[in-house]
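Hello,

Here is the structure I promised to pass on to you. Please open it first, and then read my notes below alongside it.

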2 protein chains.
Amino acid sequence: MGSVSDLSGSVCLVTGGLGFIGSNMARALAVAGAEVRVIDSLVPQHGGDRRNLENLDATLVVRESGIDDERTVTELLDGVDVVFNIAGQVSHHESMTDPARDLDLNVRSQLAFLETVRRSRSDAVVVHTSTRQVYGRPRYLPVDEDHPAVPRDINGVNKLAGEFYHRLYGTVHGIRTVSLRLTNVYGPRQCLRRNGLGFLPVFVRRVLRGETLEVFGDGSQRRDCVHVDDVVEVLAAAALRSRENRLPPGDFLNLGHSESLSLLEIADIMCEVAASGSTTTLVPWPEGLDLIDIGDFAGDYTKVRNTLDWKPSIDFRSGVESTIDFYRRSPWYL
Amino acid sequence: MGSVSDLSGSVCLVTGGLGFIGSNMARALAVAGAEVRVIDSLVPQHGGDRRNLENLDATLVVRESGIDDERTVTELLDGVDVVFNIAGQVSHHESMTDPARDLDLNVRSQLAFLETVRRSRSDAVVVHTSTRQVYGRPRYLPVDEDHPAVPRDINGVNKLAGEFYHRLYGTVHGIRTVSLRLTNVYGPRQCLRRNGLGFLPVFVRRVLRGETLEVFGDGSQRRDCVHVDDVVEVLAAAALRSRENRLPPGDFLNLGHSESLSLLEIADIMCEVAASGSTTTLVPWPEGLDLIDIGDFAGDYTKVRNTLDWKPSIDFRSGVESTIDFYRRSPWYL
């Protein structure tokens, strides 16, 4: 497979590049010797923070702007080889309480961005981060790419629309787009202070503080978790494969880890690794959240393995170890 | 099954009620003795026209406004029993040339409308017209409701998002929504003058004028067509069934006709019925349209038949006969 180091010398634009996955992507590209440009609107409720790009021995262009800003995006796209389109609203809960805002960020802005790419840089490769949330409640496990997409919340509907746009700009307009449907991602540079960005950053925050981990329901619900370093590598591999015209424009692939764990196992591993006195407790589902919950999830990752010759290199326990270690050395995240 | 006459005495709001399906719905409800309110934004490129509600021995409230106008919609929803939510942008082609506009009308406006319903009239039944376009290019025929939804154009993506919103406002918020995925609809009060509203009104216009019917490709592509009078009846049946709480909130059903015809057969029947000297000719696909075409379509209508005890009563030839007759008596449509 291609690696992020193979993008040395290329010009890359990272949307949402001050956020969790985006900043890890931007840093890895910069370290690899790519020319990196970042656009991020630093939406207050999101996870973006300029400090995510600090302590880096490289120069990045960073513009604070929405991806729907045609003039800024057009400037940033000049000469770009690869776009890593990672920007988005990720909170399922907030999408239900403020659906119009989620729509604006995940649908309207994505469409405006793709239109700008089509008009000003249609030969760029566009690697887009979608989510396994688009599948909704699985009808069978493991969930492969043929599984019907029937989202359970507004965020899932809107992310799916954004992904479909990427597909159509591939199949109809010929732009080399590829979408990765990400499972739960964890690792350094995730916003730990806010709720609503998934359960993993909440768990990390609580074990760092020695607080009790609350697991909803009976804790048997299954998830798979992938470390952000693995995500960075596979996004790079997808970019390289697209650049060689070896992926059909508009393709989409599941991206996750074959290691399936229950929420209780995930919580217990975090408590053990942190060794901060945290323990786990079961609590009933909060009102409303159960209605948008998807039950067990396990992804089928055959396609990404075969297409990109990729598999994750970091198992959950060692990933949590390095993650806890990172945050203990970077206390501002708390 | 329930019939539109069973809605006598109920208070109904019809969105897009000056357009093709909407005006037929509004008229049938008014004739049946319902109190009918209509909201229509009369978007210039669409098919809405105030004359669609003329020559009707009943009084309807008609407001010219977008369904995203919270104040107007709130007023109109006061005391409403059933909403027939029919408003929308329908042109596949225009959705590709002006995707932002399609998004504004089919996604943002629909979400704003549902939020207003949730806030001010959450016990109303909402019957929503979706489209078989959400399925994209069929993987198997006939297409049932379990067929994956992978739209081939922006309009399909956006209509699917609007449908998913209706589903979530049912499953999460408990509003009694139901979406009907409509196949090609024809009949009286369709805008004939514009292109981009489907091939059927173009064919009708051309046979009325004695012009040649142009069929794209080899003409073998299969479609099923349903008369708007049948659509009105099944929308009413869905409303009645929902009002009796006999449909799960957020349900969705295919709606079409078991009579499968090729485009060439459809064109030939129209030429024969009109007897105006029109003939049929095959022409190559226009550039771009082939990329968003879905190939053959045939729907599986088992669910609507079993759930609503409904089947269409009008075969294509007799439906075309009465349609041609209608437009000859109403020449302003040309």
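**The sheet in chain B**

Strand β9 (residues 222-227) of chain B pairs with β11(B) in the antiparallel sense, over three bridges. Two strands pair if DSSP finds at least two bridges between them. Strands are DSSP runs of E with at least two residues, helices are runs of H or I with at least four, and both are numbered from the N terminus. Within this pairing, B:Asp224 stands opposite B:Ser260 in β11(B).

Before going on, a word on the source: this is a predicted model, in which local features need pLDDT of at least 70 and side-chain atom pairs count only at pLDDT 80 or more, while totals for chains, interfaces and linings use all residues. Residues are numbered from 1 along each chain as its sequence is written, and chains are lettered from A and ligands numbered from 1 in the order in which they are written.

Back to the sheet: it is open, has three strands in the order β7-β9-β11 (chain B), and its pairing is mixed. β7 (184-186) and β11 (260-262) of chain B are the edge strands, each with a single partner, so one side of each has no neighbour in the sheet. From one strand to the next, the twist averages 50°. Helix α7(B) packs on this sheet and touches β7 and β9 of chain B, with its direction at about 70° to that of β9(B). For such angles, axes are lines fitted to C-alpha atoms (for helices over the stretch in contact), and angles run from 0 to 180 degrees between N-to-C directions. Residues are in contact if their C-beta atoms, placed from the backbone, lie within 7 Å.

Is B:Arg246 buried or exposed? It counts as exposed, because it has 10 C-beta neighbours inside 10 Å. The cut-offs are 20 or more other C-beta atoms within 10 Å for buried and 12 or fewer for exposed, with partly exposed in between; the C-beta atoms are placed from the backbone. B:Arg176 is 70 residues away from B:Arg246 along the chain, and their C-alpha atoms are separated by 9.9 Å.

**How the two chains meet**

A rotation of 180° with 0.0 Å of shift along its axis superposes chain B on chain A, with an RMSD of 0.0 Å. That is the relation of a two-fold axis. The superposition is by least squares on the C-alpha atoms of residues with pLDDT of at least 70 in both copies. Which residue of chain B comes closest to the rotation axis? It is B:Pro148, at 2.4 Å (C-alpha).

In the interface, 24 residues of chain B are in contact with 24 residues of chain A. On the chain B side, α4 (99-120), α5 (154-171) and α9 (289-292) each supply at least two residues. The most come from α4(B), with eight residues.

Now look at α5(B), where 17 of the 18 residues are buried. At 1.5 Å a residue, α5(B) should span 26 Å, and its end C-alpha atoms are 25 Å apart, which agrees. The expected span is 1.5 Å times one less than the number of residues.

β7(A) and strand β9 (residues 222-227) of chain A pair in the parallel sense over three bridges. There, A:Tyr186 has A:His227 in β9(A) as its bridge partner.

Enjoy exploring!

Note on methods: Two residues are in contact if their C-beta atoms, placed from the backbone, lie within 7 Å.
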